[in-house]
Amino acid sequence: MKKNKKIIEENKQDDETENSDEKFVSQIKEIQSGEIDSNNLELPTTLPILPLRGLVVYPFTAVPLTVGQPRSIKLVDEVMSSDRLIGLVATKQHDIENPGPDDLYTIGTAATIHRMFRAPDGTIRLVIQGIARFKITEFIQQEPYLRAFIEPNPEIKETSLEEEAIARNVRDQFQHIAEMIPSIPAEIVASITSIHDPLQTAYTIANFQRMELEDGQKLLELDSSLEKLKALVTILLRESEVLELGQKIQNEARGEIDKVQREYFLREQLKAIQKELGEGDEQTEDIENFKNKISSSKMPEEAEKLAKRELDRLSRLPTAAAEYGVIRTFLEWLVSLPWSQSTVDNLDIFHAREILDKDHYGLEDVKDRIIEFLAVRKLHKERENFEKVEDLIIDEIRRDREGVILCFVGPPGVGKTSLGRSIASALGRKFIRISLGGVRDEAEIRGHRRTYIGAMPGRIIQSLRRVESKNPVFMLDEIDKLSSDFRGDPSSALLEVLDPEQNNEFRDNYLEAPFDLSQVMFVTTANQIGTIPPPLLDRMEIIFLSGYTENEKLNIALRYLIPRQLRENSLLPNEINFTDDAIYSIIRMYTKEAGVRNLEREIGNICRKVATKIAEGKNDLSEISVSTIREFLGKPKYFETEEIIRRTAFPGVATGLAWTPFGGDVLFIESTKMVGTKSFTITGSIGKVMQESAQIALSLMRSKSEELNIDTELFSKTEIHLHVPAGAQPKDGPSAGVTMFSSLVSLFTNRLVKPDYAMTGEISLTGQVLPVGGIKEKVLAAHRSGIKTVILPKLNELDYEDIPEEVKNSIQFIFVDTIDEVLKHALEKKPKKNKK
């Protein structure tokens with residue numbers, strides 16, 4: 001019964017609402033028709049205020065609203081039972097959940113509730129009609145909902161031709177915008193164009209036009225209808241430009257799609273026409289060309305299957321497809337590789353030796369290795385079809401690897417890179433060179449997978465395609481300067497390339513098919529082997545190239561450097577003449593290197609100055625002699641033995657020999673002592689191994705203090721400082737132990753180290769002299785510096801054979817087993833007398 005009673009009451013309330021709605025609609029029609037002026041409409045002095053978030057309601061407009069806040073629902077319920085009149089005011093910030101008086105604008109719109117519907121989710125749906133503008137003077141209530149004193153705020157209506165013109169322009173602009181927005185019904189546009197009141201026109205169009213909240217509130221707050229229309233014109237013009245630009249972009253995109261479709265249909269029609277004429281289209285011709293190239297390339301079975309499979313995919317794709325170009329590029333790479341193309345080796349050993357001797361002076365170890373390679377190849381060819389040889393021997397010969405992997409290690413300027421080109425010329429093969437310095441991406445070696453955009457093979461496959469041969473001389477320059485990062489380790493990728501057991505099936509990531517690199521002669525170059533990973537180093541045959549002697553540099557200058565500089569500087573042989581003594585002077589006083597690069601630079605410097613004289617009209621023959629060198633090159637940069645004599649004129653200074661990646665070098669060890677606490681300081685940017693050698697030298701000297709007549713009490717009240725000059729250059733290694741010991745003993749015994757002596761060797765705590773490496777490079781450095789006697793470990797006596805005869809004849813070598821022998825030969829007999 002209660003439920004039925006409630007239903008009857010709700011139906012009764014709905015009937016009353018409908019009767020009230022009919023009365024209000026009648027009143028609104030009277031306002032809209034002009035029978036009642038909204039400015040003359042009397043508003044109550046107080047109104048309940050309904051805050052609006054992100055919305056501005058204007059007079060003369062009907063707007064649907066959804067009310068969900070409890071206090072807003074309470075407001076609507078009370079208003080529906082009275083006059084249905086409410087005040088609608090926009091909030092300044094739409095994200096405030098329960099706005100207060102300070103969060104609202106002061107100008108709002110009085111409105112009446114036209115329809116109300118309670119939704120199942122508890123919210124109320126309203127249709128409200130804006131009536132007139134008002135201004136809030138004071139809030140008098142905040143709970144359960146907002147209520148405020150208001151005063152009418154009518155607009156100023158102006159009747160002028162300008163207002164009429166702007167109103168007409170506003171209607172035209174809105175009509176233009178509606179044509180670009182399909183969601184605006186034509187009936188609304190028609191009803192707006194029929195409105196003649198400028199103020200109503202402004203409010204009605206603003207109600208349908210999308211704009212920012214601030215712009216909408218500003219439009220409501222403007223007092224003059226003319227100003228409202230002007231502001232609305234600006235908003236409509238901006239919206240019109242945005243919509244026109246959007247339509248333009250859309251039309252361009254549609255045009256591109258239509259163009260692609262049009263090209264597709266035209267190509268299909270062209271195919272049909274060509275078929276009727278008996279002609280082949282472009283795609284058919286491509287496929288036929290690829291078929292012929294695949295069959296003639298003689299690629300391995302696996303690669304051929306891959307090529308045919310990709311060609312079958314290509315024939316099924318339209319030429320406009322994105323993947324068509326990818327597959328076509330892949331097939332072009334496959335068919336253009338030298339699968340079966342190779343050059344015939346010139347096996348004339350005498351011709352090869354002649355070429356190598358012509359291009360390079362000295363370097364006998366390398367030349368002998370190339371001649372050995374040719375001899376083996378020649379023997380292999382001769383025995384390949386020799387049927388009387390036992391089958392086992394034939395099988396073993398046929399399984400021999402055809403390629404070779406060499407690594408030239410030596411200082412800069414000794415001809416490592418140019419040797420590769422000479423080897424190719426001697427063998428009659430093509431030559432490739434790629435530099436690995438700074439390469440840090442594995443894909444540079446193995447290529448990118450085809451899934452990546454712009455993928456391509458690695459530099460190995462690219463180079464082979466460029467020279468069109470499967471057995472070139474392939475030089476990998478600066479292999480000791482490879483890097484690695486998050487993109488991979490190139491040195492690990494080279495393990496397969498430089499492994500004779502694996503490189504007959506080298507798989508590039510892009511090709512996905514094996515390529516035979518076993519016939520390639522790989523030649524790598526490096527300044528040092530310490531930075532090369534051991535697994536990679538193990539795969540290469542190391543050939544060390546030492547620095548040149550003065551006599552070798554003289555011959556290289558006369559045979560190669562001077563003729564090349566004459567050509568580069570456009571000089572004739574009868575315009576300049578270098579004497580042997582002049583070249584020796586350049587080598588000794590203006591260069592200090594293992595190679596000949598700086599020597600060539602100095603010769604080029606002289607040639608340019610001579611060319612300048614000739615260009616100025618001075619055509620006399622320029623005789624380059626010892627007396628004229630300074631005129632061309634200026635003051636000497638180095639002095640032969642003067643520096644060594646000056647540096648070793650004090651006790652505690654010894655001359656050592658060191659190996660560097662740029663060849664050997666002379667190293668000075670200095671030590672001094674001072675009164676102070678017991679301490680030992682080591683400076684000179686030296687590494688941990690060298691620091692340990694210094695500690696060993698000090699401990700050994702203290703253990704032998706009685707034999708050396710050194711007061712042991714000195715060590716407890718003396719600070720010792722050992723320094724290796726050229727502190728900016730890092731130094732390390734054990735070979736300076738002998739020199740450090742000699743320096744310390746010289747300091748404490750006040751006996752000078754002989755100035756024309758240099759030494760190298762590691763020492764032990766028992767006083768033994770241990771062997772070290774780089775003997776040839778160190779001895780050549782001593783020879784360049786004018787050293788007359790070199791002390792070497794007895795166990796390095798076998799290295800004496802590698803030293804050139806020219807150096808043996810100018811330097812005395814002393815081989816020692818113990819540190820006592822070193823002191824016997826290196827130190828002066830008597831202590832140096834101190835000057836008073």
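Predicted model: local features only at pLDDT ≥ 70, side-chain atom pairs only at ≥ 80, totals over all residues.
On the surface, a patch of negative charge is formed where E364, D365, E801 and D802 gather. One of these residues, E364, is placed in helix 12, which covers residues 364–383, and its relative accessible area of 42% makes it partly exposed.

Helix 12 also holds R369, but this residue has a relative accessibility of 17% and is counted as buried, because a residue is called buried when its relative accessible area is under 20%. When the neighbours within four places in sequence are left aside, the contacts of R369 are with V404, L406, E541 and I543. For I543, the separation from R369 amounts to 174 residues along the sequence, whereas the C-alpha atoms of R369 and I543 are 9.0 Å apart in space.

Turning to the backbone, the peptide bond that joins E143 and P144 is cis, with an omega of about 0°, and P144 is located in the loop that runs between strand 5 (124–141) and strand 6 (146–152).

A positive phi of about 55° is found at E468, although this residue is not a glycine, and E478, which is not a glycine either, also has a positive phi of about 55°. E468 belongs to the loop between helix 16 (459–467) and strand 9 (473–477), while E478 lies in the loop that links strand 9 with helix 17 (490–497). With a relative accessible area of 47%, E468 is partly exposed, and E478, at 25% relative accessibility, is likewise counted as partly exposed.

Key. Residues numbered from 1 in each chain as written. Heavy atoms only, no water. Patch = residues over 30% accessible without salt bridge, like charges linked within 9 Å, V, L, I, M, F, W, Y side chains within 5 Å. Areas by Shrake-Rupley, 256 points an atom, 1.4 Å probe, with all protein chains shown as cover. Salt bridge = Lys/Arg side-chain N within 4 Å of Asp/Glu carboxyl O. Lys, Arg positive; Asp, Glu negative; His and termini not counted. Charge placed at Lys NZ, Arg CZ, Asp CG, Glu CD. Helix = DSSP H or I, 4+ residues; strand = E, 2+ residues; numbered from the N terminus. Buried < 20%, exposed > 50% of the residue type's maximum accessible area, 1.4 Å probe, protein only. Contact = heavy atoms within 4.5 Å.
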